[in-house]
Amino acid sequence: MTKTDSRRVALITGASQGLGLSIAREYAEQRLGLILTARGSEALERAGDQLSKTTDVLALPGDVADDRHLEHLVAVGLERFGHIDILINNASELGPSPMPELADLGIGEFERILRVNVIAPLRLIQLVLPGMHARKSGLIVNVTSDAGVQAYSTWGGYGASKAGLEQLSRVLAAELESSGLRVYVVDPGDMDTAMHRAAEPGVDLSNLPTPDRIAPAFVSLLDEHAEFGRFEAHQLLGVTA
């Protein structure tokens, strides 16, 4: 039987480490119910065990590039909580490391980047929209990067995928106008993460903020009621970049 939880419930992808885990921790402190997924089953299990001390957590490992996993994730999440109020499309695929120039980027590798960074977010959006429409309320946040708007050498595959995600978000926001649903794009900025270290092997990133310093920006969006916007994390945190 489907359970109806009176709390808001957030589905977060890429939640076993980095920014996704930090957002999950912030949301747990807000007592949101959590549906978490990531490829690393052991890391996700540890995250789920840790967060379950604070709130109700459903952690299901899997690859967001797999449609069957996404469908199962949403179905089990709805069975557990009864509704999904917030979707954080955080999981991202960087591609090969070190990152090649576009002339050397394998088409199969590019297809994988697009599937994780563009197609999977859209599929999850499609899966949660009916429930959000029924409640006339919902928050969709797509995590982007300045690589989606700036031309950085060797960042072409990843950057193209984030540009696609941003345009998808703009169109979605236009389609959802006056529906009560909110769509935002957030650029967390450069962070000291495993993904960034893979992007720039050997570069000292210790001067960059860690994800736990950026994640509070996503809390501010919970009760934000602005029109569609592309936010940089420092704007939401009220600090100077």
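Predicted model: local features only at pLDDT ≥ 70, side-chain atom pairs only at ≥ 80, totals over all residues.
Two strands pair if DSSP finds at least two bridges between them.

Select the strands. There are 7 of them in an open sheet, with parallel pairing, and the order across it is β3-β2-β1-β4-β5-β6-β7. Now pick out β3 (57-59) and β7 (229-232), which stand at the edges; each has a single partner strand, so one side of each is left without a neighbour in the sheet. On average, neighbouring strands of this sheet are turned by 15° against each other, direction ignored.

Next, keep two of these strands on screen: β5, residues 138-143, and β6, residues 181-187. They pair in the parallel sense over 6 bridges.

The phi of Lys136 is near 55°, a positive value in a residue other than glycine. Is Lys136 buried or exposed? Its relative accessible area is 61%, so Lys136 is exposed.

Then go back to the loop between β4 and α4 and select Pro98. The peptide bond that joins Ser97 and Pro98 is cis, with omega about 0°.

**From β1 to α1**

Move to the loop between β1 (9-13) and α1 (18-29), and select Ser16. Its relative accessibility is 12%; because buried means under 20%, Ser16 counts as buried. Which residues is Ser16 in contact with, leaving aside its neighbours within four places in sequence? They are Leu21, Ala38, Gly40, Ala43 and Leu44.

Carry on into α1. Its 12 residues should span 16 Å at 1.5 Å a residue, and the end C-alpha atoms are 17 Å apart, which agrees. Colour the buried residues of this helix: Leu19, Gly20, Leu21, Ser22, Ile23, Ala24, Tyr27 and Ala28. Just after α1, stop at Arg31, which takes a positive phi of about 65°.

Select Lys162, whose place is in helix α5. Is this lysine buried or exposed? Lys162 has 1% relative accessibility and so counts as buried. Not counting residues up to four places away in sequence, Lys162 touches Ser92, Asn117, Val143, Thr144, Ser145 and Gly148. Take Val143 from that list and draw a line between the two C-alpha atoms: Lys162 and Val143 are 8.4 Å apart in space and 19 residues apart in sequence.

Beyond α5 (156-175), in the loop that runs to β6, select Ser178. Although Ser178 is not a glycine, it has a positive phi of about 70°. With 79% relative accessibility, Ser178 counts as exposed.

**Empty space**

Rolling a probe the size of a water molecule over the atoms shows where empty space is left. How many cavities of 30 Å³ or more does a search of the whole structure find? The search finds 2. The largest cavity holds about 50 Å³ of space. To see its lining, select Leu94, Gly95, Pro96, Met99, Pro100, Leu105, Ile113, Thr154, Gly157 and Tyr158.

How values were computed: Residues numbered from 1 in each chain as written. Heavy atoms only, no water. Helix = DSSP H or I, 4+ residues; strand = E, 2+ residues; numbered from the N terminus. Buried < 20%, exposed > 50% of the residue type's maximum accessible area, 1.4 Å probe, protein only. Contact = heavy atoms within 4.5 Å. Axes fitted to C-alpha atoms, helices over the stretch in contact; angles between N-to-C directions. Expected span 1.5 Å × (residues − 1). 1 Å grid on protein atoms, 1.4 Å probe; cavity = no way out; pocket = protein on both sides within 12 Å on 5 of 7 lines; lining within 4 Å. Points joined across faces, edges and corners; volume = space filled by probe spheres on them.
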